[in-house]
Amino acid sequence: MGTSERRDHPRREDEAGERERQDAVGARMRRFRKERGLTLRGLSTRSGLSIGFLSQVERGISSIGLTALGGVAAALDRGVADFFEPEHEDGGGDTGATVARLPSHFTLTRAQTPSTEYVSGQQTYRMLSTRGPNLLLEPLLVRIAPGGRREDAYGHAGEEFAYVLEGELLYEVDGVEHRLLAGDSVHLRSTVPHSMYNDTDRVTTVVSVVTPRLF
């Protein structure tokens, strides 16, 4: 029995870490909202998200997806990155002086290039490209842990593409649920209300491309 309890510690620590990050995003949302002098109703009107959902995010009960957070950020005149502390940058080493400046219409991201990750509740977002000032797409590697509360379906400007690498994903589009397996993809105008949820017992990995850029 003692051995079983020790095995559970890493899972409990991971869950505690996710909860801390979820609480941090919600706390920043509340602080930014109050700095703007907005009520939850006012933020709901501006962002298109329900009052109940926004309240749950602020209290750390629900997580919020990156595109929905983009709507909240725009409503609060903030950048999406303001709601996070980047988790880490992969790759290590000295990546500074020897890297040539790239033209504004082009970026090249090598496997060893440091990449930033953002975590919101069950979802971890890894940036797949460096910033290009004249580029429109936001390519991301998204890992969706099992469980958590389902988000409300949400529409926003732009387009969205998701390709499942591993696991399964329940993707709702305009009120209809579609189960995506590895190798399946979905591409939609993001103005159509949509949401994604991992209802399995293992992590789902997705390549996602959205417009407009969030960072």
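Reader: What percentage of the contacts in the protein chain with a separation of 6 or more comes from residues 24 or more positions apart? Please then examine how helix 2 and helix 4 cross.

Author: This is a predicted model, in which local features need pLDDT of at least 70 and side-chain atom pairs count only at pLDDT 80 or more, while totals for chains, interfaces and linings use all residues. Residues are numbered from 1 along each chain as its sequence is written, and side-chain values use heavy atoms, with hydrogens and water left out.

Residues 24 or more positions apart supply 66% of the contacts with a separation of 6 or more in the protein chain, a contact being heavy atoms within 4.5 Å. The protein chain has 4 helices and 9 strands, these being DSSP runs (H or I, at least four residues, for helices; E, at least two, for strands) numbered from the N terminus.

As for the requested part, helix 2 (residues 40–47) and helix 4 (residues 66–75) have axes, lines fitted to C-alpha atoms over the stretch in contact, that come within 9 Å and cross at roughly 115°, on a scale from 0 to 180 degrees between N-to-C directions. The two helices are therefore roughly perpendicular to each other, a term that covers 65 to 115 degrees. The contact is made by L43, R46 and S47 of helix 2, together with G71, V72 and A75 of helix 4. These residues divide into 3 nonpolar, 2 polar and 1 charged, with Gly counted as polar.

Terms used:
Parallel < 35°, antiparallel > 145°, perpendicular 65-115°, else oblique.
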